[in-house]
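Here are a few exercises to work through with the model open beside you. Try each one yourself before reading the solution.

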Amino acid sequence: MSWGTELWDQFDNLEKHTQWGIDTLEKCIKFVKERTEIELSYAKQLRNLSKKYQPKKNSKEEEEYKYTSCKAFISTLNEMNDYAGQHEVISENMASQIIVDLARYVQELKQERKSNFHDGRKAQQHIETCWKQLESSKRRFERDCKEADRAQQYFEKMDADINVTKADVEKARQQAQIRHQMAEDSKADYSSILQKFNHEQHEYYHTHIPNIFQKIQEMEERRIVRIGESMKTYAEVDRQVIPIIGKCLDGIVKAAESIDQKNDSQLVIEAYKSGFEPPGDIEFEDYTQPMKRTVSDNSLSNSRGEGKPDLKFGGKSKGKLWPFIKKNKGATPEDFSNLPPEQRRKKLQQKVDELNKEIQKEMDQRDAITKMKDVYLKNPQMGDPASLDHKLAEVSQNIEKLRLETQKFEAWLAEVEGRLPARSEQARRQSGLYDSQNPPTVNNCAQDRESPDGSYTEEQSQESEVKVLATDFDDEFDDEEPLPAIGTCKALYTFEGQNEGTISVAEGETLYVIEEDKGDGWTRIRRNEDEEGYVPTSYVEVCLDKNAKGAKTYI
């Protein structure tokens, strides 16, 4: 099967077919190029997607990724980033192994095709020239033969005519011979050219054209083979990244299997545990009792101790519903005293660790400066040792400041850690203290009718009734004498009494106790006849008189 023998007369069609082959090859190149662009775009979108959902540094979102489920999600994002990288590899390999190679091959193919068809056209032009020569010699031979026949006929006519002179007959005879010789010469020339043409035609159709068409056939078959090889490469480029993509997917599965719901639940406990105990039962408060009691020192003392503060707090016992009272929003204290004990301990420990890291960093810097100074002392040409003294002093000063800061936070941490394993009563009082400063917000709850100042907030009518009731009771006891002191107390810490019914105290201040803690975490004290109120029991050291329960109480 050869194009040279089978398609000897299809030069133009072969020219069109080979051009179509080159166009097909260029179409394959364009297809692979667009595939590489898609792979790059897909990889870019995957990377952007992975980056979009990565936790932002130094943000609250980053702290949330301590949970195993969030860590697994981060691992998935990282694996998707690697997955995107493999699509970039696909794009790069297709560009280098297919596009560049085929583009170079197409240029070579075009040049080879041009050369082959140029030789074919040259052979065509040669055979056409030979054909024209043959036609020309044939026409000349035909013309000379006709001229010779006419000359022969004219001679015979002249020779038969008796009236024609002998000279004219001789002239006609010579002319006929000349024409006959010319016809013979034309015949010989035509015969020679014909033989030459037949030879050239045989060479054209059996040698030149078959050779040229054979080259074109081989060229076309190489193009077809090259397309097949490119398709294999196209598949292999994809196949090469499958193992790595499989590892990426295995990594995602492994990350999913590493999720530990129990561990995440424990982390929630560690993150939000306050260290407090739930509040106790709320005692029934009988507002009819003050009307029915008999006048006696004992009953008067009890009624004043139980009725008066209740009226000031809107008829509810202070410190019972701390989880349902709104928090005071403001600046966070440096010692994190606004946090529950367990959370405060964690924050202080975190701060201490951060300060220790900064101290270590400054110490490393100091050591580096010291070594540099030693080098300068040994090699003065490298630098002036005195130029480092200022920097060394500055670093030492920073270290000292950080150490003092660390000692301050360590002292607060020791205080918290010393109070954390406290008795249940103490924990409950600390709960009252914390919630008095930072009560959480709960909306639409029957138990959150009490605001931080102790008044109801559910309905206007109920609020009015409470205010009227409080006013009546205030009027009833306005003329009563103040409650007697049942002991003294010393303030262990400074307390800012911001809510109604509380009183501010300074650390070390001594005051009178007029009502001890009833189990709600608050002690009623008096500074003078006009200043009295409640303070957290854990903030004072109470000393009751001999008739009181317990000679001395330390909280």
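**Exercise 1.** At roughly what angle do the axes of helix α4 and helix α5 cross? Work out how the two helices are oriented.

*Solution.* Keep in mind that this is a predicted model. Start with the axes: those of α4 (residues 68-160) and α5 (residues 166-257) come within 6 Å and cross at roughly 175°. Next, compare that angle with the cut-off: over 145 degrees counts as roughly antiparallel, so α4 is roughly antiparallel to α5. Finally, sort the contact of α4 with α5 by residue class: 45 nonpolar, 21 polar and 24 charged residues.

**Exercise 2.** Compare the span of α4 with the expected one, then find where α4 has a kink.

*Solution.* First, take the length: α4 has 93 residues. From first C-alpha to last, α4 reaches 134 Å, close to the 138 Å expected at 1.5 Å a residue. Then look along the helix: a kink of about 35° is centred on Ala-95.

**Exercise 3.** Is Thr-36 buried or exposed, and which residues does Thr-36 touch?

*Solution.* Begin by placing Thr-36, which lies in helix α2 (residues 11-52). Its relative accessible area is 7%; the cut-off for buried is under 20%, so Thr-36 is buried. Now list the partners, leaving aside residues up to four places away in sequence: Thr-36 touches Ser-91, Met-94, Ala-95 and Ile-99. One of these, Ala-95, is the residue on which the α4 kink is centred.

**Exercise 4.** How many helices and strands are in the protein chain, and what share of its residues is buried?

*Solution.* Count the elements: 12 helices and 6 strands. Then turn to burial: buried residues make up 35% of the 555 residues.

Conventions
Residues are numbered from 1 along each chain as its sequence is written. This is a predicted model: local features need pLDDT of at least 70, side-chain atom pairs count only at pLDDT 80 or more; totals for chains, interfaces and linings use all residues. Side-chain values use heavy atoms; hydrogens and water are left out. Axes are lines fitted to C-alpha atoms, for helices over the stretch in contact, and angles run from 0 to 180 degrees between N-to-C directions. Helices (H or I, at least four residues) and strands (E, at least two) are DSSP runs, numbered from the N terminus. Angles under 35 degrees count as roughly parallel, over 145 as roughly antiparallel, 65 to 115 as roughly perpendicular and the rest as oblique. Ala, Val, Leu, Ile, Met, Phe, Trp, Tyr, Cys and Pro count as nonpolar, Asp, Glu, Lys and Arg as charged, and the others, Gly among them, as polar. The expected span of a helix is 1.5 Å times one less than its number of residues. The bend at a residue is the angle between axes fitted to the seven residues ending there and the seven starting there. Buried means under 20% relative accessible area, exposed over 50%, partly exposed in between (1.4 Å probe, protein chains only). Contact means heavy atoms within 4.5 Å.
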